[in-house]
Amino acid sequence: MKPGDTVTIHQLLGRIAYFHTLFIEPVLVSSERPGAGEPCCNHKDTAGFGQPNVRAMLASTAWAVLDEIATTVGEHLRLCPDSDHRCCAVCRVAASGAAVAEAWTVTEHRAYGLPLPANPLVRACRTTAAARLALVFTQQHGASCLGLAQAEAPDVGLLPDSSDLPLTGELLALWQDPLAATRSPVVSWLNHCTDLNDIHRVLQQGGTTK
């Protein structure tokens, strides 16, 4: 991976942190579903897949921000119930990405006066975010995860775009192919907004540019 690719990944991780802090956290909607953490691949298989652990690959990298954000969304987070130093780092990134996507999807629906999202939509957003973020993580760090390879394929047809849910839509779109040469990952009309009310006003006016 080229140095410029690492910069782009750091920009996109920083964008998640920025959007969450500025837009989502002040009006975060707690999940009404009970927590039900799934064991990571290292804890699922008694023989052990020997995947890289969290402390070795997350704590000292920019990816740690996903863990930090995921801890702020309460019941949205589905971490390995046996969480310890043996947890798979790839599974941790996937779980954190899923938690962020669910929190953003539900919070945006509430903020824009929309009905709460149906479970298939939330599941598609969670699964897609988990898969796309974890894939980039594995590419950057040369990691692997058998659990990720067996992940359920998302229903892409259910995913929102930026004209429906701007934050969630952009999150999913940017991580689909974050290293594409044509991307300008930190340039969008969202940069001109200061809260979800601003975003809602733009949507009501039928435009996504300023």
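This is a predicted model: local features need pLDDT of at least 70, side-chain atom pairs count only at pLDDT 80 or more; totals for chains, interfaces and linings use all residues.
**Helix end, buried sites, core and cavity**

Q: What makes Asp-195 a cap at the N-terminal end of H9?
A: A side-chain oxygen of Asp-195 lies 3.1 Å from the backbone nitrogen of Asn-197. The cut-off for a polar contact is 3.5 Å between N or O atoms, and the 3.1 Å separation therefore qualifies.

Q: Which residues of H9 are called buried?
A: Leu-196, Asp-198, Ile-199, His-200 and Val-202 are the buried residues of H9. The term requires a relative accessible area under 20%.

Q: Why is Cys-87 called buried?
A: Its relative accessibility is 2%, and the limit is under 20%; Cys-87 therefore counts as buried. Cys-87 is placed in the loop between H4 and H5. The C-alpha atom of Cys-87 is separated by 8.7 Å from that of Pro-39, which is 48 residues apart along the chain.

Q: How do you know that Trp-104 touches residues beyond its sequence neighbours, and which are they?
A: Contact means heavy atoms within 4.5 Å. With residues up to four places away in sequence left out, Trp-104 touches Ile-16, Phe-19, His-20, Ile-24, Leu-167, Thr-168 and Leu-171.

Q: Which members of the largest nonpolar core touch the most other members?
A: The core has 56 residues, and Ile-16, Trp-63, Trp-104, Leu-167, Trp-175 and Ile-199 touch the most other members. At least two residues each come from H1, helix H4 (64-70), helix H5 (89-111), helix H6 (119-141), H8 and helix H9 (196-204). H5 gives the most, with 11 residues.

Q: What makes a residue part of the lining of the largest cavity, and which residues are they?
A: A lining residue has an atom within 4 Å of a point of the cavity. Leu-12, Arg-15, Ile-16, Phe-19, Trp-104, Glu-170, Leu-171, Leu-174 and Trp-175 form the lining. Two or more of the lining residues come from each of helix H1 (3-24) and helix H8 (166-174), and H1 gives the most, with four.

Q: How many residues of each class does this lining have?
A: It has seven nonpolar, no polar and two charged residues. Arg and Glu count as charged, so Arg-15 and Glu-170 are the charged pair in the lining.

Key: Residues are numbered from 1 along each chain as its sequence is written. Side-chain values use heavy atoms; hydrogens and water are left out. On a 1 Å grid over the protein atoms alone, a cavity is a set of points where a 1.4 Å probe fits but cannot get out, and a pocket is an open set with protein on both sides within 12 Å along at least five of seven lines; lining residues have an atom within 4 Å of a point. A nonpolar core is a set of buried Ala, Val, Leu, Ile, Met, Phe, Trp, Tyr and Cys residues joined through side-chain atoms within 4.5 Å. Buried means under 20% relative accessible area, exposed over 50%, partly exposed in between (1.4 Å probe, protein chains only). A polar contact is a pair of N or O atoms within 3.5 Å; within protein, one must be able to donate a hydrogen and the other to accept it, and residues adjacent in sequence count only if both atoms are side-chain atoms.
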